[in-house]
Structure formats: structure tokens, C-alpha cells
Number of protein chains: 2
Amino acid sequence: MSLTDRSTQNSQSQRILWLLEELEIPYNLSLHYRHKSGPRKGRAPPELAESHPMGKAPQLVTADGRVIAESAAIAAYLITTYDTAKKFQGDGGRNDWVRDESLTSFAGASMGPIETMKLFLDIATLQTPLLLRPLVRWMMGAIDRAFTGPELKQMLKYLECELGGQEYFMGKEPGRADFMLSFPMDMAVEFGWVDLGEYEGLKGWRERCQAREAWKRGLEKGNGYDMGFVKK
Amino acid sequence: MSLTDRSTQNSQSQRILWLLEELEIPYNLSLHYRHKSGPRKGRAPPELAESHPMGKAPQLVTADGRVIAESAAIAAYLITTYDTAKKFQGDGGRNDWVRDESLTSFAGASMGPIETMKLFLDIATLQTPLLLRPLVRWMMGAIDRAFTGPELKQMLKYLECELGGQEYFMGKEPGRADFMLSFPMDMAVEFGWVDLGEYEGLKGWRERCQAREAWKRGLEKGNGYDMGFVKK
């Protein structure tokens, strides 16, 4: 089995590396690098399209040669196939598969669009020629104040409430929803969009995730997980 | 069991109504209406937040009173619980659960962000005061030509290839991935972002979906599925 990572920066692959390390299974890691300059700066390199037509990372090549490209599907496949001890499948009660599906979809289909837009608003301002920048900054700021800013805050408030007093979203151990939520949460914090000081529960959850040995091992094996490039 | 729909326009609820009708199970439908004016024009009404803190539709209230708010999770719950004949779970071979997870995630976590951005680019232009509109239209067009436009085309090309010669993405009958993909596909066509004439397979797939009696019944029960409001 092998995993294709891309980056040096802000790669969604870290959450899959984290999961692979939690499962303690052997895998080959193939690292790729984003375009460093030119019109596709920061985008995925063309060789990623050879293994999957969307040309994005991460991609998982399973032991029997199947390529899976969506992180939520990769995580589901890995947990279903290799978590025979059922450690990462929720610990029962409300921490069941419906919750896992709901929070996994929330991370991708609800937080994903809002954070993509927030990232766009940030980048649009930074890439505008100096003369127009104040106007564009004002426009983008107005959109964020009216729409994306409040939406993201509501999402974090909702997640804080969903976590409740639990260690992880899926109970005493992380489940797919925790792995999947780690990326949009890291974006929100690292890009400076939210102050986790306002969300005690989420702050503790993130610290617990990042204190895990498997998280640290994943971080070492990947080629960087630095979202600083659009920091203001 | 009951379903909360919102709209009169472009509601994601249609795909869930379609699924409910395919499953031929009884349900109560509670219709809500978007704000018609004011600063929250087009957004969800406040009463939706009483049943789920995110305040969005659709929401499914299960027979035992649980509220599920993410469409991918609602669809998974309905199919797992009520599709005892396994009609909507893929017909084997490559049409298995990994494919279902992959394409479901693709609809929400990959197409979702790109289409949200495209919608934003369209709306930003329309909402700009007349004097600034040419400038903003040029800016938004440049972003679309450089990024969202090519991305969406690549996505449709990928889906065309994934469908191959099949009736539906999950085989001879639609599966969760088909229900989930119907919304982003409808957005792409109805907002005029793509011409399905270039994608013979997807064109046929969409016609087959919309020719199903369950699709039509869903459409009649909902309160409208008209995305014309941002048509150019």
C-alpha cells in the first residue's frame, strides 16, 4: 500500500498520515512538491494526474492496486480494512456511525466551502496590485463580515457544542470524524481566522490530537505542514 | 420520521426528497421559506436553528427523534435503515461502498467548494454598484478563467469518465453517490456554468435521473427547485 503526499505546505495529507500512523501499518510514502513559481504556483504538480485524473493529493494506492483520492473515502477504507480492534470507530452510544458520517460530511461539505472562500478572500487581497489593494481589501472584508466570518464562527460554536465534554468527537479515541476535522480546524487557526481561546473544548481537543505520538510521526514523515504562506 | 425543507429556490433538499420517494417510505414534510428581503435575503429562516444549531435545511428527524443535518449522512441513514432490498447500494464489482464514499465525498468536499466560489463570483458581480461593476466583473472573470472555471471542467471530465457506460454512477440503479451528485450537477447546468452537450454520458445520466417517477414526485412535494435567480 502506498500514499501520495504533496506539499511542502498546508497539505491535507497530514490527517491521513496521522491515521496511517495510528493504525501502525506499513506503507510507502511518495512525496510530491507543489509548483514553486509560474501561473500554477502553489498548485499540484502534473505527475499526480498520472495515477488519478483529478491530479490531487493525497491519493491512496491500496494493497491490491486501487487508487482512492478523496480523503474521507481514504479514511473510511483504512479504518474499515485495518482497524480490526475497532479502536477508531467510535465508542458507542451517541458516538456511532451516523455521527461519524455527519461530522465527516460537516468537515468537507460544510466547512470546506466556507474555508475555501475565506482563503480566496485573503489571497485576492494579497494578489491585487498595490493601487487597487485598499479597495479590494475593503470589499473582501465586507464580504467576510457579512457572510464567511459569521458562518465560520457559527460552525466552531456548533463543533464546541458537539464535542461536549468528550476527549474526541468520537469518544475516548479519535474516529474518522476527528481525523477529518483536524484539517479545517488547523486551517482556521493557522490562517488566523479564529482564536481558539474562545473555544475551550476545541482548544483542548486540538492539543490532544497534536500530542499523540502518531500525529507527530505523521508530521515528521510528510514534507511539511506549514500554512503560514497567507498569514497576514 | 420527518424532513425539513427550505426554499423556494435551489434547495439541496430535492435530492433527499428524491431518495425518500425512491424508498417509498412515509414521512412528514415541513416546508420553510428563505428570507425574501433584508440583509439575510436568500438565507435560511431562524426557526431552522431551533431543531439544529447550524440552522440549515434539509434536516431529517428520524423515527426515534434524532436530528441529522448533513445531506450525505441523511442519505446514508435512509439507505442503511430502509433499503432492505439493497436496491440503492451499488450492484457490486467496482460499484461498491468505497466508490460510493469516494463519489459522495467528491460531490460535497470537492465540487462543493468550487461551486460555492463560482456562485460567489457571480453574485459579487451582480451585487456591485453599477459604477464599479465592469471592474469587478473583469476581476471575477479573471479568477474564474484562471481557477474555478478550469477546475469545474476537469471535475465534469472526471465524472464523465467515472460514469463510463453505466446507467448510474452506482450501476443499474442510483446509489447514494447519484443522489448526492445530482445537486452539484444541477447547479452547474442551471447556473449556466457548463454545457452538458460536451458531456454525453453526464447528459444522459441527468435525463435518466429526472425521468424517474420518484424524482418527479419529490419535485412536486418540495416547494420549488429553481436556480434561475443568478442566471446571467
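**Two copies, one shared surface**

In this predicted model, 100% of the interface residues of chain B are also interface residues in chain A, so the copies meet through the same surface. The geometry comes next. A rotation of 180° superposes chain B on chain A, with 0.0 Å of shift along the axis. The RMSD of that superposition is 0.0 Å. The two copies are thus related as by a two-fold rotation axis.

Now the contact surface itself. It pairs 25 residues of chain B with 25 residues of chain A, counting residues in contact. On the chain B side, the elements that give two or more residues are helix 3 (71–82), helix 4 (97–127) and helix 5 (133–163). Helix 4 of chain B gives the most, with 13 residues. By residue type, the chain B side divides into 16 nonpolar, 7 polar and 2 charged.

Next, take one chain by itself. Chain A has 8 helices and 4 strands. Along the sequence, these elements follow the pattern β-α-β-α-β-β-α-α-α-α-α-α. Along its principal axes, the C-alpha trace of chain A spans about 60 × 45 × 25 Å.

How does chain A pack inside? Buried residues make up 41% of its 232 residues. Consider the contacts in chain A with a separation of 6 or more. Of these, 68% join residues 24 or more positions apart.

Finally, turn to the nonpolar core. The largest one holds 101 residues. Which of its residues touch the most other members? They are Ala75(A) and Ala75(B). Set aside the neighbours within four places in sequence. Ala75(B) is then in contact with Ile16(B) and Leu19(B), and also with Arg176(B), Phe179(B) and Met180(B).

Definitions and conventions:
Residues are numbered from 1 along each chain as its sequence is written. Chains are lettered from A and ligands numbered from 1 in the order in which they are written. This is a predicted model: local features need pLDDT of at least 70, side-chain atom pairs count only at pLDDT 80 or more; totals for chains, interfaces and linings use all residues. Copies are superposed by least squares on the C-alpha atoms of residues with pLDDT of at least 70 in both. Two residues are in contact if their C-beta atoms, placed from the backbone, lie within 7 Å. A nonpolar core is a set of buried Ala, Val, Leu, Ile, Met, Phe, Trp, Tyr and Cys residues joined through C-beta atoms within 7 Å. A residue is buried if 20 or more other C-beta atoms lie within 10 Å of its own, exposed if 12 or fewer, and partly exposed in between; C-beta atoms are placed from the backbone. Ala, Val, Leu, Ile, Met, Phe, Trp, Tyr, Cys and Pro count as nonpolar, Asp, Glu, Lys and Arg as charged, and the others, Gly among them, as polar.
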